[in-house]
Each structure stands twice: as C-alpha cells, then as structure tokens.
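Here is my note on the ligand site and the chain contact. Please read it with the model open.

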Amino acid sequence: MNEEKHVLSIMVDNQPGVLSRIAGLFSGRGYNIESLCVAETMDSVVSRLTIVTKANLPLIEQIKKQINKLINVIKVHELTGSDYVEREMALIKVNAKPEHKAEILRIVDIFRGKIVDVGTEHYTIEVTGTDGKLKALLSLLKPIGIKEIARTGAIAMFREGK
Amino acid sequence: MKLTGAQILMKMLKEEGVDTIFGYPGGAVIDIYDELSRTDFRHILVRHEQGAAHAADGYARASGKVGVCLVTSGPGATNAVTGIASAYIDSIPIVIITGQVPTHLIGNDAFQEVDIVGITRPCTKHNYLVSKIEDLGRIIREAFYIARSGRPGPVLIDIPKDVARGMLAFKVPKEEIRLKSYNPTYQPNMKQLQKVIKLIEKAESPMIFAGGGIILSGAAKELTEFARTTQIPVTASLMGLGGFPGSDPLWMGMLGMHGTYRANMATSVCDLMIAIGVRFDDRVTGKTDAFASQAKIVHVDIDPTSIRKNVPVSIPVVGDCKITLNALNELLKEADLSELAENRGKWLKQIQDWKRAAKLKYQHSDKVIKPQYVIEKLYELTKGEAIITTEVGQNQIWAAQYYHFDKPNHFITSGGLGVMGFGLPAAIGAQAACPDKLVVDVAGDGSIQMNIQEMATAIQHRLPVKVVILNNRYLGMVRQWQELFYDKRYSHTSMEFAPDFVKLAEAYGALGLRATKPEEVESVLREGLFSDRTVIMDFKVEPEESVYPMVPAGAPITEMLL
Ligand SMILES: Cc1cc2nc3c(=O)[nH]c(=O)nc-3n(C[C@H](O)[C@H](O)[C@H](O)COP(=O)(O)OP(=O)(O)OC[C@H]3O[C@@H](n4cnc5c(N)ncnc54)[C@H](O)[C@@H]3O)c2cc1C
Ligand SMILES: Cc1ncc(C[n+]2csc(CCOP(=O)(O)OP(=O)(O)O)c2C)c(N)n1
C-alpha cells in the first residue's frame, strides 16, 4: 500500500516529558517523523504538536490510535484530507557574490521572503510557506550556493468554514 | 492536619483499599519504610525487586485488585523493570512506587539516581515523577485509577526523598477523577452488535476466540452463556485460559503455535470468528495472511489500538468484554436461533472428527517420567482447583495443555514477555492474595534458578506455595528449537550443572521431594501438594521431550508438527 504524507495536529497536556512520550512512541514503534513542531496554545496548560509523518492507510490509523492512547494526549486531528492551512518557516543562508545579488533579491521578492542578515559574501533569507513553496525556492537558490538551512517544520490548522 | 509525604502515601494507599505491599527498602525510600512500620499494611519482603513486581502481578491476577510494589531508587527501580514490562504487555494492573534522589539532585548523577520515569516510559501505561508534595495525593489516586480502568496496566510513581520527607496540610481528595485526556470506552456501539447478531444467525461454521480481556473484565460467566446459547465452539489464547470451562463440550483447547489440532484447523476454515479481548499475537496467528482467511472477523476490545493492528477486521467493537457480552446475550433473546441445532450439527461434528484425528498426546513410559504425565496427575490430584503459575518454556505450555482450566484467575503466566523467573514470585503474590488456595508454580529447571531467592520470601511470610520442577536438565524450549530447526546443535542449552533442588529446598527451610521414576510421581505430588509447608518437588523427567503440536514460527497455523 502507498505511503503518503499525513499532517497530524495533536493537543497535549503542557507538561514535562510529554514530548518524549510522543517521540518515544514514534521511535519505539518504528513510525517515521518528517517534522515535529511544538508550542503552547492560548490555554497555557495545553500544547499543540504538529507532526508530519509518512505512512500507508492502516498504519496511519494505528499511529493515530497509539497517540490517542497516551494519557497526556487530549486530542489528535488529522489535517490531511480536509481543508487546512500549513506553513513552515525557513532561514536560508546563501552565497551572495556581487554578480548574484540582484538575482537573489528578485527570487526573494517573488517568494515574498525577507533578507534578515546581510554580509559581504552572504544573504540570510527568511521565508514562510508550504513545503512545496520552500522546496521550489531552495531549488532556485541551490545553483547560486546555499551555505546553511534551518527549517521549523510544518505547523498547521483546519480552515474555518466560510 | 500536617502530614509528611510518606504519611500521605500511606493514607492514600489505605484509601485505595491496598492491604499488601511487595517491596524492598533502600536509602531513597527509608522515610517511607519508617512510616510503613507504623501502619498495618502487610509488607512482603522479597529478595530481589524483580520478585516484587512479579509478586504484585500474581497478586493482581489472583485477586482482581491492583497489586502494589515499593522499591528504592537506582538499582531497586531498574531491578523491577522486567516485572513492569511483563505486566505491561499482559495488561496487568499494578502500581510501582519507586524512591528517587531529592529533587535538587535530580540530573546530577547523584548516588543511586536513574531516570526511571524515562526508562519505564515505553513499558508502563503511565508514569509520574512527583516533583512537589502538593501533587502527591492526586497522583496516587490517578495512578490507581489508570492502572485498573480501561485496558489495565502498570503505573509507576517516582517519589523523590525530599517529597517523602516534606510536610503538607493534607486532606484526602474525594472528588471524582476526571482526566480530560483519558476516557476509556466501556459501552459498545449497539449498531455494531446488531450486525454481529445478524452474522451469528447466518454463520455455518463460527467460532469464538477468547483472550486475556475476558479474564481482566471478569466476563467468564457471560462468555459461557453466550457460547452455549449460540452453540459456538470456543478457543482461547494462552492468556484467556479459564475464561471458558475447559470441561465444556464446546471447548476446543488453546490455539496458536502450541494450539490443538482442532482449534487451529477450525481457525483456518471458519466463516465467522468472534474475537473477544485478544490482541492477535504472532504466537497465535502464525502467518497472518493465512489466519482465519475464510472468516469475517468480529473483534471486541477496549483498546482501539488492538483492533486492526495485526489482522483485518470486519466488525470492530470498542468496548468492555463483560458489558458487550451482556448486551449480546440480551440481543440474542430476540434473535432467530430456531435452526441453530440443525445448522451447527455439521460444524460441531467436523470439530469432533478433528479432535479424534489428533488429540493432544504423548508417548507414555513406565521407565522415565514424562512431564505431561506430571501435569495430568497434578490436575487429577488438585481436581483442577489449584491456582497454577508457570515459568517460561515447555513447562508453561504443558501446564496450559494438560491442566484443564475451568475457572478464570487460576492460570497465571507471563504470556507476552515470557519472563523466565516469573512463576515463583507470581505464586507468592497469588498465595498472599488467596491464603486458602493451593498455589502451584509449574517450573523448568532453568527458569526456577532465575528467581530462586524468593524461596526465602515464601518461608519468611509463611506462604506455602508448591514448586513443581519439570527437571529435564535442559533449557528445554530452546533445546527443542535447536532439535527441530538447528540440526540438534544444542548450543549452550544444557543445564547439567544445577543445584540439588531437594537440598536447596531444605537449605531454605522448605520441604524438598524428588521423583525419578513414573511410579513415584503420584506419591511425591500427594505428599508435596497436601503439605502445609512451602515445597519444592523435583521431577527428573525425560530430557529430550518436546512440546507438540508445534507450528514453526511464521508458518500458517495449520502447518503443525504433531
Ligand atoms: C513460550 C511461549 C509460547 C506461547 N505460545 C502461545 C500459543 O501457542 N498460543 C497462544 O495463544 N499464546 C501463546 N503464547 C502467549 C502469547 O505470547 C501472548 O501472550 C498471548 O497470545 C496473548 O493473549 P491475548 O491475545 O489474549 O492478549 P492479552 O495479552 O491477554 O491482551 C488482552 C487484550 O484484551 C484487551 N482487554 C483488556 N481488558 C479488556 C476489557 N475490559 N474489555 C475488552 N478488552 C479488554 C486488551 O486491550 C488486549 O487487546 C506463548 C507465550 C510463550 C512465552
Ligand atoms: C529471562 C529470559 N531469558 C531467556 C529466555 C529465553 N528462553 C525461553 S524458554 C527458555 C528455556 C527455559 O528452560 P527451562 O526453564 O528449563 O524450561 P523448559 O523449557 O525446559 O520447560 C529460554 C532460555 C526467556 N524467555 N526469559
């Protein structure tokens, strides 16, 4: 059966050790984590984890049930398959030789990014978007020379009915 | 009133109805032990912390209550881990209290510090580090609630020394426990149950596969009624033995790797399998593609993760076994079962034919003791009334095959983890829970040496458990695999160097008996079982006897070596 990308949004008790319960569940059972993001929600006793994983259908069902079974997990939502917004931020440090500077600025502009740090030989770009957008940007910057990348991993939410 | 952490612990244990604690003291729990000396809990001092966890497990299974053990930090806690992992995979409710170094030293590699919460995260249902005394009362209540509710399991509470010594104005919490993130489903979906009834009405060759969930939810009576009303034959996992009477004509015996011919054959051709409180372990299914491949599978389980984990399921029912079976029994009163007797005739006859074709059997001998014969005699002499615990290996499977369990909570075995050394401490726990019962540990000569030190515990606390050693001078189950699949290369499975178990029993202050010939078996059993002392009976059995039927690992379960 086909492995596909699944985005899970998980509400958990905001307590020490909860992240390691979830990470331990994934590693212990051999599930894959593409990315993981965690931070407090509006309710300070609840945190939201966004996990992107790859799995076939029976496995993603099992993964969701296993996560739900953890005592500190309040709710698991699968966003994939419904209408949702997904964003990820990346910081990308690129070589900025004089002959490339204009082109870099143009690309950054097209992708609605920002230059957040400038040196004689480099630019650091800040950009947010979906995984697809970041990949597209990276593929354009690659020939110019990427020195370093830091990505946050995806965060996501259901869209509200109109 | 101001109480210390240790006093709060004692008070809360009383509140939870605890009467017996299996434990071992040490620096990090010395304050708790000091307080314990001023209470009337029955404390059973084990000789190794692994024994404490297994004893709590045995106690829980025999009594249906939560078992409790108390151990110190560091090595005390790590010693208990095997017992915790065994209870976890077998879904047994125990609460483990571990001491921890004082909170200000945590993370400093302090003396006897280990991160036991980290270590046991994957083998507990839940665990807690109590970081402040204000949380202690609530955590203890939650721990017991989580351990016993839903799918039961072990819960560990790690109490730093300064929390145990701290002071707090304490009132026992009384309000209902509500955990927003934990809410097990007990009530089955009635629509699903209607579908199950429809399937039962139509099925030509249905069977029931019962498991540990039946024992855990106390549903043996309901299961028996259900099976008898619908005239559906029953098999069970190793963990489900006793959930349905072994003497009932509908009983097919255990299924799986060492299952009976008829149970495994029925599984492969049945058109409906009603699986209740089971988790389709690989020891049961063999090759999953070939398992019950003709059948619609109904799966009742309180834990959604058990469902569709290993086999596809037609009708999933999330709910408690007892409540679900009660509901089904109610629905059956309305169902059309008029042609049942007629419909089932052929199927039940087929099962009888399989039974005749390949009964559980072994080659009798009048020269050397056959291990199966010892279990048959044990069954006869105890009239099937004893609580049987087992070690792991051949001894365990012979006990399962030849002791015909009629009642639940009478077979206590480490099924999922298969821990050698489980049986003796588990027997101690069961005996502590049921002082009037005969409790017998069916052991191998290898396994018994893994926790033999608990003999001293049994003697000290006057727990007259009986150990029946099926002494084959081999790590028999491994030897059997070597015989069958590794051309008889018996690599390091000889146990020729072993103590004289009779003298060893005597050294501990127990009664030691030995049988070396078949004609001695009965008299040794009689003397040992009906003695009021702790006893070791050493049966020198056929060294190279093997367990049959056997399905090679990963093969379809119809491919039995008989
Ligand atoms: C050497 C050796 C050989 C073995 N050979 C065999 C063999 O031949 N055949 C065999 O069957 N086993 C064998 N076993 C045991 C095997 O490893 C498993 O332990 C066993 O099959 C599991 O039994 P179970 O499916 O009943 O699940 P259990 O481990 O007993 O799990 C219970 C299930 O019931 C559910 N449950 C719990 N409470 C409730 C409730 N209140 N309501 C509803 N559901 C509930 C749980 O969620 C879980 O899914 C062997 C073990 C060893 C060590
Ligand atoms: C703690 C532990 N170590 C190793 C094993 C692997 N193992 C399974 S059965 C077995 C042999 C058991 O020998 P014995 O206790 O003599 O019982 P027998 O099979 O001979 O009845 C072994 C070594 C195990 N189950 N548990």
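The points below take the basis of the model, then the ligand, then the interface.

1. This is a predicted model: local features need pLDDT of at least 70, side-chain atom pairs count only at pLDDT 80 or more, and totals for chains, interfaces and linings use all residues. Residues are numbered from 1 along each chain as its sequence is written, chains are lettered from A and ligands numbered from 1 in the order in which they are written, and side-chain values use heavy atoms, with hydrogens and water left out.

2. Ligand 1 has 34 residues around it (a heavy atom within 4 Å). B:S237, B:R279, B:D301, B:S306 and B:D320 come nearest. The shell holds 13 nonpolar, 14 polar and seven charged residues (nonpolar: Ala, Val, Leu, Ile, Met, Phe, Trp, Tyr, Cys and Pro; charged: Asp, Glu, Lys and Arg; polar: the others, Gly among them).

3. The side chain of B:S237 places an N or O atom 2.6 Å from an oxygen atom of ligand 1. A polar backbone atom of B:L255 is 2.9 Å from a ligand nitrogen atom. Protein covers 96% of the 990 Å² of accessible area that ligand 1 has on its own (Shrake-Rupley method, 1.4 Å probe).

4. The contact between the chains takes 14 residues from chain B and 15 from chain A (heavy atoms within 4.5 Å). The rule finds two salt bridges across this interface (a side-chain nitrogen of Lys or Arg within 4 Å of a carboxyl oxygen of Asp or Glu). A:D13 and B:K180 form a salt bridge at 3.9 Å, N to O.

Note on methods: A polar contact is a pair of N or O atoms within 3.5 Å; within protein, one must be able to donate a hydrogen and the other to accept it, and residues adjacent in sequence count only if both atoms are side-chain atoms.
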